[in-house]
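Let's take a look around this protein together. Have the sequence and the 3D view ready as you read.

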Amino acid sequence: MAFRTLITLAAAAAFAVTPLTPVSAGTVTAAQCGYIPRTLTDDPAYEHCATDTNVWIRVDRLFRGDYERCVGPGRTKLDKDAVGAWYIGQLCSHPGDTRGVS
């Protein structure tokens, strides 16, 4: 019985530390929500999958200061030097609006 428990715990630990496979350029689809990294052919983007809200996202940039941007449903292209973007938990009114990060 203890051996079976040990095997179960080992399997659970293996799944817990399995690295995520990065998304390649060929597998990015409209169903992918959130930050979409730059590829050889496309600039970075953010896919907002909700259809009825506008939200604030934080955009991290490599060579310049980070900022927050209001995005609507669908895909929004980001700056070429964007290295990450995520929803910050706030709704907004006007897609395209930006504000600095304090």
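## Starting with Thr76

Leaving aside neighbours within four places in sequence, which residues is Thr76 in contact with? The answer is Pro44, Ala45, Tyr46, Arg69 and Val71. You'll find Thr76 in strand β5, which covers residues 74-77. Thr76 counts as buried because its relative accessibility is 13%, and the cut-off for buried is under 20%.

The protein chain has a mean pLDDT of 79, with 69% of its residues at 70 or more. Among the elements, β4 has the highest mean pLDDT, at 98, while helix α1 (residues 2-16) has the lowest, at 41.

Over residues 3-28, pLDDT stays under 50, and the model has 5 contacts beyond four places in sequence for that stretch. Where pLDDT is low, the predicted coordinates should not be read in detail.

## The nonpolar core

Now for the inside. The largest nonpolar core has 9 residues: Tyr46, Val55, Ile57, Val59, Tyr67, Val71, Leu78, Ala82 and Ala85. Three elements each give it two or more residues: β3 (55-61), β4 (67-71) and β6 (82-91). Of these, β3 gives the most, with 3 residues.

Not counting residues up to four places away in sequence, Val59 touches Asp66, Tyr67, Leu78, Ala82, Gly84 and Ala85.

## Around the rings

What lies over the face of Trp56? That's Arg99, at 3.9 Å from the ring centre. As for aromatic pairs, the count comes to 0.

Technical notes
Residues numbered from 1 in each chain as written. Predicted model: local features only at pLDDT ≥ 70, side-chain atom pairs only at ≥ 80, totals over all residues. Heavy atoms only, no water. Core = buried A, V, L, I, M, F, W, Y, C linked by side-chain atoms within 4.5 Å. Buried < 20%, exposed > 50% of the residue type's maximum accessible area, 1.4 Å probe, protein only. Helix = DSSP H or I, 4+ residues; strand = E, 2+ residues; numbered from the N terminus. Contact = heavy atoms within 4.5 Å. Phe/Tyr/Trp six-rings, centres within 6.5 Å; stacked < 30°, edge-to-face > 60°. Lys NZ or Arg CZ within 6 Å of the ring centre and 35° of its normal. pLDDT = per-residue confidence, 0-100.
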